[in-house]
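Please keep the sequence and the model in view while reading.

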Amino acid sequence: MSSMNAAIERLRDRFMTEYRERHAELITLGLQIGVSGDDRETLDRAKANLHRTAGTAGTLGLERLGREASRAEERIAHLLKSEQIDQEQAIRVLVQFLDISESFVKH
């Protein structure tokens, strides 16, 4: 069983290395909202990032990160359904997630 735990720990470490890049990408995407010209494309990229995070984090025992990524993904999906993107709300969703995400990135 300890070899299984060691393997999961290695996967978690690899995920966190990659996740730091995803976290940085979400910051960049948040800064592009209202500036980049195509908020839908920006939010689609953020949604995809959050989707990957939600799926993998929970599997690797990072339940809170996975749950919050899923929640943010759902909120962005809802924003994308509207005819006009509420830029302030979109930024708020990303900032709220990034505040939680920050504690995982620091470890």
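In what order do the elements of the protein run from the N terminus on? The order is α-α-α-α, and the protein has four helices and zero strands. The model is a predicted one.

**Overall dimensions and surface**

- The C-alpha trace of the protein spans about 50 × 20 × 20 Å along its principal axes.
- The protein has 107 residues, and 36% of them are buried.
- About 6600 Å² of the protein is accessible surface, and carbon and sulfur atoms account for 51% of that area.
- The protein carries 16 positive and 18 negative charges, whose mean positions lie 5 Å apart.
- Of the contacts between residues at least 6 apart in sequence, 65% join residues at least 24 apart.

**The nonpolar core**

- In soluble globular proteins, nonpolar side chains tend to be buried together.
- The largest nonpolar core of this structure comprises 28 residues.
- Phe 15, Leu 26, Leu 50, Leu 65, Ile 76 and Phe 97 are the residues with the most contacts inside this core.
- At least two residues of the core come from each of H1, helix H2 (39-59), helix H3 (63-81) and H4.
- H4 makes the greatest contribution to the core, with eight residues.

**Phe 15 and the aromatic pair**

- A pair of aromatic rings is described by the distance of the centres and the angle of the planes.
- The structure holds one aromatic pair, formed by Phe 15 and Tyr 19.
- The rings of Phe 15 and Tyr 19 are 5.8 Å apart centre to centre, with 20° between the planes, and the pair counts as stacked.
- Both partners belong to helix H1 (residues 2-32), where they are four residues apart, about one turn of the helix.
- Phe 15 and Tyr 19 are both buried.
- Leaving aside residues up to four places away in sequence, Phe 15 touches Arg 22, Thr 53, Thr 56, Ala 57, Leu 60, Leu 62 and Leu 65.
- One of these, Leu 65, is listed with Phe 15 among the residues with the most contacts inside the largest nonpolar core.

**Val 95 in helix H4**

- Val 95 lies in helix H4, which covers residues 87-105.
- Val 95 and Ala 72 are 23 residues apart along the chain, and their C-alpha atoms are separated by 9.9 Å.

Definitions and conventions: Residues are numbered from 1 along each chain as its sequence is written. This is a predicted model: local features need pLDDT of at least 70, side-chain atom pairs count only at pLDDT 80 or more; totals for chains, interfaces and linings use all residues. Side-chain values use heavy atoms; hydrogens and water are left out. Buried means under 20% relative accessible area, exposed over 50%, partly exposed in between (1.4 Å probe, protein chains only). Contact means heavy atoms within 4.5 Å. Accessible areas come from the Shrake-Rupley method with a 1.4 Å probe; for residues, only the protein chains shown count as cover. Lys and Arg count as positive and Asp and Glu as negative; His and the chain ends are not counted. The place of a charge is taken as NZ of Lys, CZ of Arg, CG of Asp or CD of Glu. Rings of Phe, Tyr and Trp (its six-membered ring) pair if their centres lie within 6.5 Å; planes under 30 degrees apart count as stacked, over 60 as edge-to-face and the rest as tilted. A nonpolar core is a set of buried Ala, Val, Leu, Ile, Met, Phe, Trp, Tyr and Cys residues joined through side-chain atoms within 4.5 Å.
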